[in-house]
Amino acid sequence: MTAGNHSTVTEFILAGLTESPELQLPLFFLFLGVYVVTVVGNLAMITLIGLSAHLHTPMYYFLSNLSFIDLCHSTVITPKMLVNFVTERNFISYQACMTQLYFFLVFVISECHMLAIMAYDRYVAICNPLLYNVTMSYQVCSRLVAGVYIMGLTGATAHTGCMLRVLFCKADRINHYFCDLFPLLELSCSSTYINEVVVLCFSALNILAPSFMILSSYIFIIASILRIRSTEGRCKAFSTCSSHISAVAVFFGSAAFMYLQPSSVSSMNQGKVSSVFYTII
């Protein structure tokens, strides 16, 4: 720290996922395995979809973009987390912390909206199959995906811009395994009112709005599936949505638990556990 009217933090210490020494090595190998599967699986998915002409459909176009987002999202968080498991002092510079925060927000917000678009795609495919090729044309899909990344960049810029105006002088120890919003705000010695308002507003936009779109889509999907008379037809329709529903439940459930509550009553230890699901798992 440097002296002045306020002591300015130039680097932070990441508390990590756990402070138990006996768990560090097992967790290192566990998350290393998860990361390898994430990288190999998503790269394979992107490559397969790109090379297979019969997979050049809206559903697989969205899936390849989701794989790209997942790959980048995990890469922003996991490598630094793995290093922290095998080092005694887990330092991260102020600049690196803000950079990690920015790209984490870009990809986590993009994933929220990509999952919502994929739900809408399934709604059109099941409820309006005759209009599917017109409704989900290449131009429409490209604009939807562009909108997803624009939302991610806009949200990340707003959050990180507000974070850059915050003074950190209480302490330099972040009670988390990466640079996240609430753990950073806990260290502030200046007003965080604007930051918390921005967090709540953008959380409503990026969690509640996509959740509403997903819920609405699946209400119509379920109603449409129940009108199918054959059991085989129902099972086939449900099977196209089951993996998406599971991903949505884990991602939005854990993200909502972390962000849709005031920081004053938020348990950072519980938040660290829940954030593992939407950042790594």
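This is a predicted model: local features need pLDDT of at least 70, side-chain atom pairs count only at pLDDT 80 or more; totals for chains, interfaces and linings use all residues.
**Notebook: rings, sulfurs and a surface patch**

Residues are numbered from 1 along each chain as its sequence is written, and side-chain values use heavy atoms, with hydrogens and water left out.

**Aromatic rings**

I then looked up ring pairs (rings of Phe, Tyr and Trp, the last by its six-membered ring, with centres within 6.5 Å; planes under 30 degrees apart are stacked, over 60 edge-to-face, the rest tilted). The count by this rule comes to 12 aromatic pairs. For Tyr 94 and Phe 168 I noted ring centres 6.3 Å apart and planes at 65°, so this pair is edge-to-face. The two lie 74 residues apart and link distant parts of the chain, with Tyr 94 in helix H3 (residues 94-127) and Phe 168 in the loop between helix H5 (138-164) and strand S3 (173-174); helices (H or I, at least four residues) and strands (E, at least two) are DSSP runs numbered from the N terminus. Phe 168 is buried, with a relative accessible area of 5%, and together with Phe 12 and Tyr 94 it forms one aromatic cluster.

**Cysteines**

I found that the structure holds 1 disulfide, a term for a pair of cysteine sulfur atoms within 2.5 Å. It joins Cys 97 to Cys 179, with an S to S distance of 2.0 Å, and with -125° about the S-S bond the link of Cys 97 and Cys 179 is left-handed. Cys 97 sits in helix H3 and Cys 179 in the loop between S3 and helix H6 (181-185), so that distant parts of the chain, 82 residues apart, are linked. Both Cys 97 and Cys 179 are buried. I also checked Cys 141, which is in no disulfide, as the nearest cysteine sulfur, that of Cys 241, is 16 Å away. Cys 141 is buried, with a relative accessible area of 2%.

**Surface**

Last, I looked up Val 40, which lies in helix H1 (residues 21-51) and, at 52% relative accessibility, counts as exposed.

Key: Buried means under 20% relative accessible area, exposed over 50%, partly exposed in between (1.4 Å probe, protein chains only).
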